[in-house]
Amino acid sequence: MTRYVKVALMGSGYAGKSTLIKLLTDKTAKLEVNYKPTAGMDCGTITLDDTTKISLVEMGGQTHFEFMWPDLLRGSRLVVVVTESTPKAVLKTRQLLHKYKDNLAGSQIIAVANKQDVPGSMKPESVQDLLGIPTYGMIAIDPKQRLNGYKMIVSGIKNLIRVAA
Ligand SMILES: Nc1nc2c(ncn2[C@@H]2O[C@H](COP(=O)(O)OP(=O)(O)O)[C@@H](O)[C@H]2O)c(=O)[nH]1
Ligand SMILES: [Mg+2]
């Protein structure tokens, strides 16, 4: 029987959540797309091994979808908080973490400091200082980052499975 481990992707609209799901689950090399806001939610699957699959669930970032967040967060083993890496975006992300801290309490949380290719981006270490959670730098539009992104999610999940075992 296959078990599914739910991983939620949270963050403001335009942070790069859909692009990250594409990076991790599609085989296409071309990731640059015109921005299309996610209506409500989006999802993708990563096969971890014979018995385990990871369900990536994107929580639509537009403010008018935020009412769905507590439901989408429920049962998530890992929450990946995706943020653009400008100081303004990171501060906004910090506010979101604070606002949803009760809903996040039962999950492991990591952050992705996305769009590291954009000039003026904060380094992942600085983003980590501001957010107070383990933070990984990312360029989700770069197919070469696929392995990094995959490792980031899988190592988070493996830790969880080890703890649970
Ligand atoms: N320069 C740059 N653009 C990115 C990166 N990741 C995503 N984008 C672009 O940012 C926009 C929003 O991305 P999307 O994944 O739809 O964001 P979402 O609202 O969080 O799902 C899209 O136009 C993407 O192509 C990145 O690492 N660098
Ligand atoms: Mg999206």
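The model is predicted: local features need pLDDT of at least 70, side-chain atom pairs count only at pLDDT 80 or more, and totals for chains, interfaces and linings use all residues. Residues are numbered from 1 along each chain as its sequence is written, while chains are lettered from A and ligands numbered from 1 in the order in which they are written.

Confidence comes first. It is expressed as pLDDT, the predictor's confidence in each residue, from 0 to 100. The protein has a mean pLDDT of 87, and 87% of its residues reach 70 or more. Among the elements, α5 has the highest mean value, 98. Helix α6 (residues 146-164) has the lowest, 78. Where pLDDT is low, the predicted coordinates should not be read in detail.

The protein contains six helices and six strands. Both are DSSP runs numbered from the N terminus: helices are H or I with at least four residues, strands E with at least two. From the N terminus on, the order is β-α-β-β-α-β-α-α-β-α-β-α. Two residues are in contact if their C-beta atoms, placed from the backbone, lie within 7 Å. Of the contacts with a separation of 6 or more, 70% link residues 24 or more positions apart.

Burial was assigned by counting other C-beta atoms, placed from the backbone, within 10 Å of a residue's own: 20 or more is buried, 12 or fewer exposed, and in between partly exposed. Of the 165 residues, 39% count as buried. Strand β4 (residues 78-84) is largely enclosed by the rest of the structure, because seven of its seven residues are buried. In a regular strand the side chains alternate between the two faces of the sheet. From β4, Leu78, Val80, Val82 and Glu84 point one way. Val79, Val81 and Thr83 point the other way.

Strand β4 has two parallel partners, β1 and β5. Strands pair if DSSP finds at least two bridges between them. Four bridges join β1 to β4, and seven join β4 to β5. Ala8 stands opposite Val79 in β4. Leu78 has Gln108 in β5 as its bridge partner.

Tyr14 has a phi of about 85° and lies in the loop between β1 (3-10) and α1 (17-25). Tyr14 is partly exposed, with 16 other C-beta atoms within 10 Å. Lys115 has a phi of about 65° and lies in the loop between β5 (108-114) and α5 (124-131). Lys115 is buried, with 22 other C-beta atoms within 10 Å.
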